[in-house]
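Here's a quick tour to read with the structure open beside you. Let's go through it topic by topic.

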Amino acid sequence: MATSTFQLSRDSFGALELTADDGVLHHGVSPVRAFPIQSPSQGISLVLHDGKEVAWIDDLADLPPPIRALLQEELNGREFMPEISHIASVSSYATPCTWFVKTDRGDTEFVLKDEGDIRRIGDASLLVADNHGIHFLVRNMFTIDKHSRKILDRFL
């Protein structure tokens, strides 16, 4: 189904419902990113509770603003992956250790159990898992500030 051939709204319970261009109404639609880290605004599938795809979106930017806002709101509610913008300090360079970081969701601290909990994603991105299973994203380890990069280098 092409991006421009559907309407999206919320039902009385707050769930997304999609109306196709042929008038078929799909209740309980969920957006799923194909590439959540490398291309978060491209390749989004709208699926039903059983996993059946009812629409595909090439790029969020191509959508009308009201539909884009609904999808972004739904995606933000379903996904929680704070992006690290600065590493203030670490309690130790041996694991387990506590990291004190600034993220796009505010300042926080978390425990890194093992160096293996830092995974490379592509050439420049890192995924850091804390002891509770929450994943923190370093979008580009080469453009992060010098102090943060120095700390990262000690763990990589």
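The lining of the largest pocket in this predicted model splits into 6 nonpolar, 2 polar and 6 charged residues. Here Ala, Val, Leu, Ile, Met, Phe, Trp, Tyr, Cys and Pro count as nonpolar, Asp, Glu, Lys and Arg as charged, and the others, Gly among them, as polar. Local features need pLDDT of at least 70 and side-chain atom pairs count only at pLDDT 80 or more, while totals for chains, interfaces and linings use all residues. Residues are numbered from 1 along each chain as its sequence is written, and side-chain values use heavy atoms, with hydrogens and water left out.

**The pocket**
- The largest pocket is lined by 14 residues, and Arg33, Pro36, Glu79, Met81 and Arg105 lie nearest its centre.
- A pocket is an open set of points on a 1 Å grid over the protein atoms alone, where a 1.4 Å probe fits, with protein on both sides within 12 Å along at least five of seven lines; lining residues have an atom within 4 Å of a point.
- Its volume is about 310 Å³, meaning the space filled by probe spheres set on the points, with grid points joined across faces, edges and corners.
- Helix α1 gives the largest share of that lining, 3 residues.

**The sheet and its helix**
- Five strands make an open sheet in the order β1-β2-β3-β4-β5, paired antiparallel.
- β1 (6-10) and β5 (53-59) are at the edges with a single partner strand each, so one side of each has no neighbour in the sheet.
- Strands (E, at least two residues) and helices (H or I, at least four) are DSSP runs numbered from the N terminus, and two strands pair if DSSP finds at least two bridges between them.
- β1 is joined to β2 (residues 16-20) by 5 bridges, and Ser9 sits opposite Glu17 in β2.

**Two loop residues**
- Gly14 is in the loop between β1 and β2, and is partly exposed with a relative accessible area of 32%.
- Met141, in the loop between β11 (135-138) and α2 (146-155), is buried, with a relative accessible area of 2%.
- Buried means under 20% relative accessible area, exposed over 50%, and partly exposed in between (1.4 Å probe, protein chains only).
- Leaving out residues up to four places away in sequence, Met141 touches Arg120, Asp123, Ala124, Leu126, Arg149, Leu152 and Leu156; contact means heavy atoms within 4.5 Å.
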